[in-house]
Amino acid sequence: MSEWLGGLLGGAVHEVGGGDAVTGFVARLLAVAGEAPIVWIGERLDLYPPGLMQGAIDPSRLILAEAKDEIDRLAALEIALRGGMHGVVMVQAVSRLAARKLALAARCGGGLGLVLRAGTASDSAAFAARWRIGAARSETAAGTGPCWRAELLYARGRHPGVFLIEAGDHGSSSALMLVSEFRGAGPDVPRGQRGGADGRAVAA
Amino acid sequence: MSPEDSAAGRTGGRLLHERALWCHGFTPLAALDPPDGIVLDITGCAHLFGGEAGLVRRLGAAWPEARIAIADTAAAAWALAHFGPIAGADRRTARLEDLPLAGLRIADATIARLRRLGLRRIGEVLRLSRGEIRAGFGADLVLRLDRLRGHAPEALHFLTPPVDWRVVGFHAEPLFTAEQLQAELMRLVEALCERLVAAESGLVGVEAQYYRVDARRLTDRIGFAAPTRDRVHVARLLGERLRHIDPGFGIEAVALVGEAAALPPGQAELAGRAAPDYAPTIDRLMRRVTLYRLGPVATHIPERAMRRVQVTGSAAGWTMPDDPRPVRLFARPEPIAVLEPVPDDPPRMIRWRDVAYRIVHATGPERIGRDWWHHEPATARPETERIRDYYAVETAAGERFWVFRAGLHEGEVAPRWFIHGLF
């Protein structure tokens, strides 16, 4: 399993930023988080269930929610988290108050909430973790799944770091496998640098 | 007495059932006569609608395509409706006697035998003695003739009218404030849920209707993910929308119209929290956002492989695809410019939204053709142009795209490249 996540996933809300690679990462994070239904909230969604299935989410667990208004989207995530579901919301940015409400709801319900922000990062400490996700070249030979360079900008009770993460085998429980970690390195580790002096390989 | 509805082409059992229920507006006794008939017992009802002629006029206005007949017995009405003169309130048995033998609803073999004896009309059979008929054709024909004349009873399965899940509260003094309306809703929900408990049913949907003093009606409809009779839950969901209800000069009546489904008394209290119940959460979500699920469609065309299903429905049935599939799929593939040094090879460079990407690795091709067996052969565009070769490509920076080439190099039109999804 993905021990490197270190208990970040239960009853917590994470903020995730990044480009197009975010969706695949988030799907696999949810696959690791547990069996509850997943509510994916956005203004307009273009999720593709067969791809999510390869990302280890059963599409029949997935409920899609669309709303124009950002307030409605955040409220929907709060309702879902309070009801014990996992939730993903795609918004521009989150206010401190909204972040606090989401964190409380997640603690009540025990699910994992993920806020995919397109705009500026929040300065709220209510999030259990803040990620910045980018695409990364795969380490291994041809035919493997996607890789991500995940910067853990902030995590409650642990060091931030930069991780190189690979998608696990289809259908396996280890949807996210840590390839290497740059512990303590700031968010500006150059791209493409692999397994430096401080990096360590972990078998999932 | 039976108006017959031979709605040509629209003979679904459900439609028939709906129409039969609609007939409860004329008489409490309506029975189905599948596949396309409805039998109404209008004894003592016709005078309410201007006599039998008036009743037939009303039914005819509602269903112009129906053949309607009124007679003294259900069997006679059936025969008249199916074989009699079109429409009309003729209920004289004299007309019945002119009808062909098929109006007796007897087996074709019996009809053939009667014809061989020179009997072609019902009247000619009616003139025979009972003994002769019984000896020659059996008791069944005797029974049919008796039913036609009303000498033998005919069992009809009349529909039970659906239960009316409606509660109303009237107020001589109009309601204005949200608190008043909330209290009224709570009272009505209590009343409705009490009836639901007695009937072992639960609400699958409910509509709150607010009647204002200026004769306007405001409605608020909610659906439930699973049948419920939890009064707090229902009242809360209805109460959430109260701020959108404009009372104007006051609301003088509030009605709740429920739609119910069977909900046997459960043992939720005893079972504890073994299986979490997400239905109330889904109900609350439905009030804020548009909810749906994605169900599978059996096709190879990637963009058509999914369809929206209701959130209360099931999205099961997905199978693990053998080839890589993206997590995001564009509704419309976006054109890209490519650099492909070797035909039929994956591209080396692609340019998408004015950004150039160097491709370092590609998986494919996976060839997906159009489901040509569903389409007329197109003359304007060759079929080869619709063939897609999909590649999952990885760029130098690690981005993963799902791109395809539409068309073949040896085709008449140069192939074009598109990006269809992101991994």
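Predicted model: local features only at pLDDT ≥ 70, side-chain atom pairs only at ≥ 80, totals over all residues.
Visitor: Why are helices α10(B) and α12(B) called roughly parallel to each other?

Guide: Helix α10 (residues 231–240) and helix α12 (residues 279–288) of chain B pack at an angle of about 10°, with their axes 10 Å apart. Angles under 35 degrees count as roughly parallel. The two helices, α10(B) and α12(B), are therefore roughly parallel to each other. Their crossing is right-handed.

Visitor: Which residues of α10(B) and α12(B) meet?

Guide: On the side of α10(B), B:His233, B:Leu237 and B:Glu240 take part. They meet B:Pro280, B:Asp283, B:Arg284 and B:Arg287 of α12(B). The residues of this contact comprise two nonpolar, one polar and four charged.

Visitor: What makes up the side of chain B that touches chain A?

Guide: In chain B, 40 residues are in contact with 45 residues of chain A. At least two residues of this side come from each of α12, β7 (290–296), β9 (328–339), β11 (355–368) and β14 (416–422) of chain B. By type, the side of chain B divides into 25 nonpolar, seven polar and eight charged residues.

Visitor: How do you know that strand β3 of chain A pairs with β7(B)?

Guide: Two strands pair if there are at least two bridges between them. Three bridges join β3 (residues 62–66) of chain A to β7(B), and the strands run antiparallel.

Visitor: Which residue of β7(B) is the bridge partner of A:Ala65?

Guide: The partner in β7(B) is B:Leu291.

Technical notes. Residues numbered from 1 in each chain as written. Chains lettered and ligands numbered in written order. Axes fitted to C-alpha atoms, helices over the stretch in contact; angles between N-to-C directions. Helix = DSSP H or I, 4+ residues; strand = E, 2+ residues; numbered from the N terminus. Parallel < 35°, antiparallel > 145°, perpendicular 65-115°, else oblique. Left-handed = near helix turned anticlockwise from the far one by under 90°. Contact = placed C-beta atoms within 7 Å. Nonpolar A, V, L, I, M, F, W, Y, C, P; charged D, E, K, R; others polar.
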